[in-house]
Amino acid sequence: MCRHRPALQHTQERKMAAFGTVFTPEMIISRYEQNQWSTPAMVSSNSISLHPGAHVLHYASTCFEGLKAFRHADDSIHIFRMDKNVARLQQSSALLALPAFDPVMLSNMITDIVRQYAADVPSPPGSMYIRPTHIGTEGSIGKAAAPSLNSMLYVLLSPVGDYFAGGAKALRLLLEDDARCASHMGMVKSGGNYASALQPIMKARAAVQADQVLFCPNGDVQETGAANFLLIDGNEIITKALDSSFLHGITRDSILTLARDRGMKVSERELTVDELLERAVRPGAEAALSGTAAVLTAVGTLIHENKEYQVGGGEAGQTTAALRQALNDIQWGRAEDKFGWLTKVC
């Protein structure tokens, strides 16, 4: 059964909060100790208890996911592509040598906590942002070259409003000849990867008023600090082929699936900076960033070697908007879920 009484403050007050800063009163948690996982339990979201020598605090044994639950017109609640997020957290955990967990356990944790706070899932264009997190908790500062034997797996919920409430503006990207993170760690959704991108992003904002950095090591177009990159040239979408150097985005995969379904050509291949800049200035060209929070965000300007390149006309393009709307329509229950992406919670 789903709860019907909202547990948080009034919806209008929540919309005024910054994205991801309001949480439900409880989260769900399981701990791995003495070679077994504890029974998942609802606990307060206010705090967790960690030894100051916990592995995660010293050696960054942490990974997480981001996915969403949506309210449909009949008030039913649906989670988008949960199986993919659970599988990716398993992959990240394995690459960080964190204890393995049963995907069914995590799937049940996610659905249980969402069902508990179903009344707090906002109506479209809002959603319930879901953050499963896995961290190493063993209290040992002598394990710089060894994994944590203990860990903690928990799921936080954050009701969020319209990501584009202030208006959707085309972004400015600075192209940098650097990697976002170590090449063998790119496919891990780990906090360290995001931390390593902060300084380049801050410098880009200060120097050229860029919104994000597009990392292009050795001229190879990869991703930004928090999103995958897509170039749209007429009826073709071009994006880097999957490898270990960058995150295998689930929203990216969803957008490419929808593009193929609409008859577009999808080219997953190497894309050089030179080709990107040559194609981007063509009339009608578009570029976009894909990710869970904003789904698909238009890119209007590319900045490279102190020169600015307008993508198409420098504004959000029609194909970008159409693909974002097509994905939203499935998430919001306004279009057929022909790919089986939604899990009904209640």
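Visitor: Which residue stands opposite V295 in β15?

Guide: Welcome! This is a predicted model, where local features need pLDDT of at least 70, side-chain atom pairs count only at pLDDT 80 or more, and totals for chains, interfaces and linings use all residues. Residues are numbered from 1 along each chain as its sequence is written, and side-chain values use heavy atoms, leaving out hydrogens and water. Strands (DSSP runs of E, at least two residues) are numbered from the N terminus. β14 and β15 form a hairpin with three residues between them, and the residue opposite V295 is G291.

Visitor: How many bridges join β14 to strand β15?

Guide: Two strands pair if DSSP finds at least two bridges between them. β14 and β15 (residues 295-304) run antiparallel, and the number of bridges joining them is five.

Visitor: What is the bridge partner of I232 in β14?

Guide: Look at strand β11, residues 228-233, which runs antiparallel to β14 and is joined to it by five bridges. In β14, the partner of I232 is E286.

Visitor: How many of the six residues of strand β14 are buried?

Guide: Buried means under 20% relative accessible area, with a 1.4 Å probe and protein chains only. Strand β14 covers residues 286-291 and is largely enclosed by the rest of the structure, because the buried residues number five of the six.

Visitor: What percentage of the 346 residues in the protein do buried residues make up?

Guide: Let's step back to the whole protein, which has 17 strands. Along its principal axes, the C-alpha trace spans about 60 × 55 × 35 Å. Of the 346 residues, the buried share is 53%.

Technical notes. Buried means under 20% relative accessible area, exposed over 50%, partly exposed in between (1.4 Å probe, protein chains only). Helices (H or I, at least four residues) and strands (E, at least two) are DSSP runs, numbered from the N terminus.
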